[in-house]
Amino acid sequence: MSCKICEKNSVINLPNSNIYQCRKCFNRYFEKKVRKTIRIYKLIDKKDVIGIAASGGKDSMSTLYILNKILKHQNIKLMALAIDEGIEGYRNLAFLKNFCKENKIPLHTFSYKKEFGHTLDKMLKITKEKPCSICGVFRRYLLNTKAKKLGITKLATGHNLDDEAQTILMNQFRRNISASARLGPITGVIQDERFIRRIKPLYFLTEREIAAFAFLNNLKDEYVECPNAAVSYRCNLRDWLNEIEAKYPGTKHSIVNSFMEIQPILRKHLDLKKIKTCKICAEPCSQDICQACKLADKLKLLN
Ligand code: SF4
Ligand SMILES: [Zn+2]
Ligand SMILES: [Zn+2]
């Protein structure tokens, strides 16, 4: 099939609109969508220092690539932050390191082993906690604390439309609506300088579109799924949602778009608890001790 725009050979068929596009037109479509998300939701302003939470996977590499392209002419400082969880055979940061070196993007790497004393693999041997629960709490903690130290004002992540549709449904199924109020292209229901705001420039792009973009722009190393992902709730929900999407195309877009319509109401009416300060690490939290410190104590990682 030929490209609907320029009639060259197409490389991708956008499923929702059933439009075929060539590499150049698809890249243009992708960048336009990111620029529009940044503009409409005011994700970035001129004084910002942007940190990108980079794992070396297709989503974060695409975020890094496109933000570097958009921001380099605007004099907005950009750096990458990587977390090495210590998962045997999974986390490989070589591709990311090479990309940052070639593009002169400062890269800061932090590991659970160095920061908490153990790799995630070791932590899982000494606790019955679910891997993603430990991993998520420590990752959020490290990204927030390290970003503050580096002078970062906004932290960009590679979250896409599929991720957001999954999270909206997960929160709904678990009756965790207050967590949904914090979703959206930019976080920060309460603007508190102790929280680095998260921005999601790829918010309205699907996983399939990002995979195609990463492939077409050589941003993809070989893909390895985390060995702990299969046991996660998200993974089951993802497979189920993919089945529904295959039968009823457009479902994921509808979930996210209808959520965006009710989100302002949700944020307004939500009884947000006052943010406290963790008595151990002084990070912001909803109780006296933050989740990271509680978990570290449970795993005997303190002292
Ligand atoms: S799948 Fe779970 S354990 Fe693996 S990297 Fe993601 S959050 Fe961590
Ligand atoms: Zn074209
Ligand atoms: Zn704490």
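Colleague: At what angle do the axes of α7 and α11 cross, and within what distance do they come?

Modeller: Axes are lines fitted to C-alpha atoms, for helices over the stretch in contact, and angles run from 0 to 180 degrees between N-to-C directions. In this predicted model, the axes of α7 and α11 cross at roughly 65 degrees and come within 9 Å. Since angles under 35 degrees count as roughly parallel, over 145 as roughly antiparallel, 65 to 115 as roughly perpendicular and the rest as oblique, α7 is therefore roughly perpendicular to α11. The element names rest on DSSP runs numbered from the N terminus, with helices being H or I of at least four residues and strands E of at least two.

Modeller: As for the conventions, residues are numbered from 1 along each chain as its sequence is written, while chains are lettered from A and ligands numbered from 1 in the order in which they are written. The model being predicted, local features need pLDDT of at least 70 and side-chain atom pairs count only at pLDDT 80 or more, whereas totals for chains, interfaces and linings use all residues.

Colleague: Which hand does the crossing of α7 and α11 have, and which residues make the contact?

Modeller: A crossing is left-handed if the near helix is turned anticlockwise from the far one by less than a right angle, and right-handed if clockwise; α7 passes α11 in a left-handed crossing. Two residues are in contact if their C-beta atoms, placed from the backbone, lie within 7 Å, and here L161, D162, E164, A165, I168 and L169 of α7 meet K252, H253, I255, V256 and F259 of α11. The residues of this contact divide into seven nonpolar, one polar and three charged, where Ala, Val, Leu, Ile, Met, Phe, Trp, Tyr, Cys and Pro count as nonpolar, Asp, Glu, Lys and Arg as charged, and the others, Gly among them, as polar.

Colleague: How does helix α7 pack with helix α10?

Modeller: Helix α7 (residues 161-173) and helix α10 (residues 233-247) have axes 10 Å apart, at an angle of about 115 degrees, which means that α7 is roughly perpendicular to α10. This crossing is right-handed. On the α7 side the contact involves A165, Q166, L169 and M170, and on the α10 side Y233, R234, L237, R238 and L241, a set with six nonpolar, one polar and two charged residues.

Colleague: Is V34 buried or exposed?

Modeller: A residue is buried if 20 or more other C-beta atoms, placed from the backbone, lie within 10 Å of its own, exposed if 12 or fewer, and partly exposed in between. V34, in helix α1 (residues 23-40), counts as buried because it has 22 C-beta neighbours inside 10 Å. Residues up to four places away in sequence aside, V34 touches I66, P201 and L202. By contrast, L150, in the loop between α6 (131-149) and β6 (154-156), has 14 other C-beta atoms within 10 Å and is therefore partly exposed, and I275, with 12, is exposed.

Colleague: What radius of gyration does the protein chain have?

Modeller: The radius of gyration is taken over C-alpha atoms, and the globule rule is 2.2 Å times the number of residues to the power 0.38. With 303 residues, a compact globule would have a radius near 19 Å, and the protein chain has 20 Å, which agrees.
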